[in-house]
Protein chains: 2
Amino acid sequence: MNKEKMAAPSSHACSALERSIRQRVPPLLTDLYQFTMAYAYWRAGRHNEPAVFELFFRDNPFSGGFSLFSGLHDCLLFLRSFRFTEEDVAYLQSVLPPATDPAFFHFLRGLDCSEVTLCSVPEGTVVFARVPLIEISGPLAVVQLLETSLLCLVNFASLVCSNAARFRLAAGPKKKLLEMGLRRAQGPDGGLTASRYAHIGGFDMTSNVQAGFLFGVPMAGTMAHSYVTSFSSLEEVWPQTLVAANGDQDPIDLISLTKGWLGRLCELLGAEPGKIREGELAAFVSYAIAYPHNFLPVIDSYSVSCSGLLNFCSVALSLCELGYQPLGTRLDSGDLCRQSVEVRRIFRLCAEHFSLPAFHSLIIVGTNNVSELSMTELNKKENEIDVVGVGTHLVTCTRQPSLGCVYKLVEVKGSPKMKFSEDPEKSTVPGRKAVYRLLDDDGHPFLDMLCLAEEPAPKAGVAVRCHPLGRDKTCQSVTAAQVTQLRLDVFVCGQITEPVCSIVETREKVQSSIRTLHPRHKRLQEPDLYTVAVSEKLHNLMAVIRKGSVNDSNFLLAN
Amino acid sequence: MNKEKMAAPSSHACSALERSIRQRVPPLLTDLYQFTMAYAYWRAGRHNEPAVFELFFRDNPFSGGFSLFSGLHDCLLFLRSFRFTEEDVAYLQSVLPPATDPAFFHFLRGLDCSEVTLCSVPEGTVVFARVPLIEISGPLAVVQLLETSLLCLVNFASLVCSNAARFRLAAGPKKKLLEMGLRRAQGPDGGLTASRYAHIGGFDMTSNVQAGFLFGVPMAGTMAHSYVTSFSSLEEVWPQTLVAANGDQDPIDLISLTKGWLGRLCELLGAEPGKIREGELAAFVSYAIAYPHNFLPVIDSYSVSCSGLLNFCSVALSLCELGYQPLGTRLDSGDLCRQSVEVRRIFRLCAEHFSLPAFHSLIIVGTNNVSELSMTELNKKENEIDVVGVGTHLVTCTRQPSLGCVYKLVEVKGSPKMKFSEDPEKSTVPGRKAVYRLLDDDGHPFLDMLCLAEEPAPKAGVAVRCHPLGRDKTCQSVTAAQVTQLRLDVFVCGQITEPVCSIVETREKVQSSIRTLHPRHKRLQEPDLYTVAVSEKLHNLMAVIRKGSVNDSNFLLAN
């Protein structure tokens with residue numbers, strides 16, 4: 001593992017990021033029905049009616065008590081550059097029904113987000129099921145067309161960020177966490193998105209170079225088993241010499257030096273030289289010559305205790321003798337905890353026996369199909385692992401590989417809209433809203449309240465009646481010590497209006513937002529349910545709309 | 001749902017596809033350690049040593065009996081255009097350790113795949129765990145650098161294709177299957193890749209327009225609930241008239257016509273007019289006027305039986321009266337089977353009562369969080385669903401969201417390479433190989449055999465000894481009725497050497513490959529394990545290498 005490469009995103013990163021969004025989310029990356037609906041709105045002359053959609057999810061992911069909201073930055077870049085090319089329009093013309101009026105395609109050519117406004121929870125905030133995270137308002141046909149892309153950008157980003165935050169909670173604050181899942185990700189961009197949002201969610205480093213290039217995520221990585229097994233004998237090592245770190249000696253033959261250390265080590269530990277793999281030693285020596293400041297080999301290609309650990313220590317002892325600080329080792333199979341304890345014991349023995357304090361600061365990296373559960377167990381068991389690498393379970397979110405964000409119409413031309421559906425939990429909450437977060441005396445949030453936009457905000461210290469959403473629907477009276485507005489305008493009439501946070505700021509925002517949570521809500525197993533409620537007025541509006549059918553039911557007789 | 005849009009990929013599709021690969025899989029989209037290893041090889045003068053890697057997975061996905069190999073086409077386009085830009089190299093120079101010799105970056109600037117050769121299973125073939133699907137040979141540093149990208153391109157493509165094939169098996173051959181998961185996918189490209197390989201795996205259509213544009217996948221889609229709920233009253237319908245299909249009449253007021261049918265329908269069915277949603281009827285009428293040939297609304301925005309079905313039938317009856325053929329309805333919540341039976345009953349009643357045979361050919365589309373399990377159950381229960389839409393469970397492969405393909409070094413400079421690891425199942429099979437598929441008398445494959453490349457192929461009708469991989473390792477003697485070579489050269493020295501199949505051909509290849517499988521291997525639950533074995537010679541080679549450490553263990557004393 002190299003030292004963390006906290007490189008700033010490349011010089012062209014901002015434009016590269018916007019270009020990357022154009023490439024990854026072209027305006028045709030959406031569902032066909034968005035276009036058929038847009039046409040039907042346009043045909044009926046309704047395409048410019050002011051409409052409001054909301055984006056939310058119905059259940060917290062991973063059976064957890066919270067989620068983290070992410071993906072907003074990408075949404076904003078997407079909206080800012082949302083425009084159809086001539087090629088896009090020509091393709092749409094070839095696939096929409098022949099009955100489509102050609103003038104509609106002229107409308108598409110001129111369409112952009114200059115009349116669209118977004119009111120959103122800030123990126124990296126702790127959020128809960130059923131809270132509208134983004135409110136999107138603008139011309140009906142335009143905001144309809146944005147649905148699939150916005151969902152796609154928020155769903156996976158928020159899911160991975162939440163997953164990473166859970167891994168961080170499971171690992172505790174001290175261990176360094178390395179994301180290394182690109183090869184197992186759901187497509188190239190599944191990997192890139194995961195690297196980015198895993199870092200925001202609490203991981204320290206990634207193996208993914210493109211994530212470093214585009215987003216400035218610190219990177220790490222030294223060698224795979226293939227590097228080790230590619231060597232058969234010490235004869236393949238070339239050059240065989242290394243100059244001491246202070247540079248003031250002649251080059252030293254590192255093979256001879258290492259062999260000497262290996263002999264002493266075998267004696268000290270009573271190890272069998274016959275079981276040591278020469279090819280593995282050759283790989284380590286060769287790598288140390290290439291990168292004497294970055295020596296961190298993988299030591300389980302053959303056998304950790306019979307070969308890898310001995311080879312590592314002998315090369316590391318040689319490096320120390322030449323004034324270099326070896327970094328440590330990686331374990332990639334077997335029982336990581338047990339092995340790390342044994343490896344650490346040998347490191348300490350070497351440090352003392354050979355009077356080399358450098359061996360006290362060697363790090364041990366563990367990578368072997370780590371899941372949230374095994375991370376939790378690892379944290380409970382005795383182990384000496386300093387850095388945990390996580391791949392598949394992090395980047396593909398195996399426990400729940402999708403966050404079910406939806407995008408629902410709540411208002412058209414000032415009139416509230418509501419869907420009932422055959423499944424009660426798929427009903428929507430109508431109307432344009434304000435969202436408040438209520439905090440208790442200790443500063444912990446305890447309830448998010450959805451009010452109608454025109455209602456006054458709940459006041460600190462004043463009891464207010466509300467109706468929790470979900471199963472338990474009995475009316476409550478609650479008093480907050482503090483009330484905050486959860487969302488703010490981030491995109492107004494085509495312009496990004498809030499400064500976009502850097503990845504470092506958003507990452508810090510995630511941790512500070514999680515810190516405010518009461519432990520009962522951030523428990524990984526069986527957390528207490530956080531309450532999301534609607535105001536009395538909004539509750540009444542829902543009842544009125546449900547009854548609505550009866551009131552305006554005479555249309556059959558009218559006219 | 002529109003009729004299937006079997007549009008050819010857009011005129012620029014081929015170049016667009018290659019461009020899309022360059023954008024989705026830039027050469028920096030890889031793990032950092034590929035570069036540190038490449039440098040160490042280069043520093044030791046080993047970068048041009050001829051090396052061979054293999055790509056394979058260790059377990060069939062979804063606890064199934066087989067997988068489908070996909071992603072090759074993308075791999076080939078990736079290899080053909082694999083080159084670092086000046087910007088890439090400058091970035092690498094800024095993040096690799098300062099000790100890196102600047103001449104290495106000159107080497108990277110000139111690097112391409114002109115000396116790389118791929119021998120691969122054809123795209124769309126049924127494959128099994130532990131069979132090397134692709135053999136990649138070329139200069140050591142170059143083929144090392146390709147690891148992560150090739151894995152990323154094959155892993156998810158093969159996983160989704162296999163998942164889609166299982167959904168197809170669960171659904172039976174008759175139902176049409178629609179993929180509609182973009183919004184829940186793991187990032188934008190997770191959705192695009194899923195749309196493409198779900199079609200190859202057996203789905204008929206996608207909702208994803210970009211998948212139609214880039215790959216020519218047939219598309220479908222008409223309307224969401226938002227379209228329905230955006231209407232409140234019939235006054236919003238404009239224009240209100242429709243010209244008959246044969247065009248030889250004056251425009252007809254579709255609202256009046258529909259109201260008339262709705263009245264008769266309520267009478268026929270004894271329905272309560274008071275429960276019918278006017279806004280829903282307005283949405284249906286408006287859509288029918290926009291797309292009279294493509295009328296397929298979603299009917300559960302409020303209540304299927306009390307409102308949606310009645311509104312649908314009345315508009316559909318009007319369309320029939322004007323000479324149009326309505327397409328059908330979509331159900332998106334509740335018990336799809338039960339509702340579809342009820343909807344069909346009403347369709348039949350209308351067809352008979354109003355003497356409208358068109359009502360016999362209406363289709364019913366069901367979409368409600370369908371999984372492989374619910375698809376299997378749906379196939380067993382009485383239902384009248386013609387088209388099933390599948391989203392989340394298909395595109396994110398919820399049952400197992402990652403296929404664990406790995407990329408292992410098997411030969412350098414003609415010498416076989418093997419990793420042992422602390423986990424026995426992570427051991428690799430060394431050496432360059434030929435892979436044969438053995439078929440029984442009925443043409444069913446029953447065993448895949450890995451032989452050393454230089455061995456003669458097993459002969460039909462001649463018994464041959466082999467050693468199954470995996471747990472049951474007893475030696476077997478097998479006789480095949482037919483022997484085929486599983487892989488062929490597809491990329492030789494930088495050139496694609498086999499004609500690349502179209503999506504239609506690959507899709508057909510998948511189905512024909514699955515048809516050859518014995519039912520005991522393609523059973524979705526608890527299938528019989530397919531045998532993958534190594535030849536006697538390969539088995540012996542593995543034993544020799546395992547013992548190898550002892551033989552060349554005198555290196556400590558040598559020199």
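By the grid rule used here, the count comes to four cavities of 30 Å³ or more in this predicted model. On a 1 Å grid over the protein atoms alone, a cavity is a set of points where a 1.4 Å probe fits but cannot get out, and its lining residues have an atom within 4 Å of a point. Grid points are joined across faces, edges and corners, and a volume is the space filled by probe spheres set on the points.

The largest cavity has a volume of about 100 Å³. It is lined by 13 residues, and the closest to its centre are B:Phe56, B:Arg130, B:Ser427, B:Thr428 and B:Val429. Strand 1 (50-56) and strand 13 (406-412) of chain B are the elements that give two or more residues to this lining. The second largest cavity holds about 80 Å³ of space. Among its lining residues are A:Glu54, A:Phe56, A:Arg130, A:Lys408, A:Val410 and A:Leu450. Here the elements that give two or more residues are strand 1 (50-56) and strand 13 (406-412) of chain A.

A word on conventions: residues are numbered from 1 along each chain as its sequence is written, and chains are lettered from A and ligands numbered from 1 in the order in which they are written. In this predicted model, local features need pLDDT of at least 70, side-chain atom pairs count only at pLDDT 80 or more, and totals for chains, interfaces and linings use all residues, while side-chain values use heavy atoms, with hydrogens and water left out.

Now for the two chains together. Chain A can be laid on chain B by a turn of 180° and a shift of 0.0 Å along the axis, with an RMSD of 0.0 Å. The two copies are therefore related as by a two-fold rotation axis. The superposition is by least squares on the C-alpha atoms of residues with pLDDT of at least 70 in both. The same surface serves both copies, as 99% of the contact residues of chain A recur in chain B; contact means heavy atoms within 4.5 Å.

B:Arg24 sits in helix 1 (residues 13-24) of chain B. Why does B:Arg24 count as buried? Its relative accessibility is 15%, and buried means under 20% relative accessible area (1.4 Å probe, protein chains only). Leaving aside neighbours within four places in sequence, B:Arg24 is in contact with A:Pro188 as well as B:Leu29, B:Asp74, B:Asp189 and B:Thr193.

Chain A has 19 helices and 22 strands, which are DSSP runs numbered from the N terminus (helices H or I, at least four residues; strands E, at least two). Buried residues make up 65% of its 559 residues.

An open sheet of chain A has seven strands in the order 14-13-1-5-3-20-21, with antiparallel pairing; two strands pair if DSSP finds at least two bridges between them. Its edge strands are strand 14 (415-416) and strand 21 (495-496) of chain A. Strand 3 (residues 117-120) and strand 5 (residues 134-139) of chain A are joined by four bridges, with A:Ile136 as the bridge partner of A:Leu118.

Elsewhere, strand 6 (residues 176-179) of chain A pairs in the parallel sense with strand 12 (residues 387-390) of chain A over four bridges. Two bridges also join strand 6 to strand 7 (residues 205-206) of chain A, again parallel. A:Leu178 stands opposite A:Gly389 in strand 12 of chain A and opposite A:Met205 in strand 7 of chain A.

Key. On a 1 Å grid over the protein atoms alone, a cavity is a set of points where a 1.4 Å probe fits but cannot get out, and a pocket is an open set with protein on both sides within 12 Å along at least five of seven lines; lining residues have an atom within 4 Å of a point. Buried means under 20% relative accessible area, exposed over 50%, partly exposed in between (1.4 Å probe, protein chains only).
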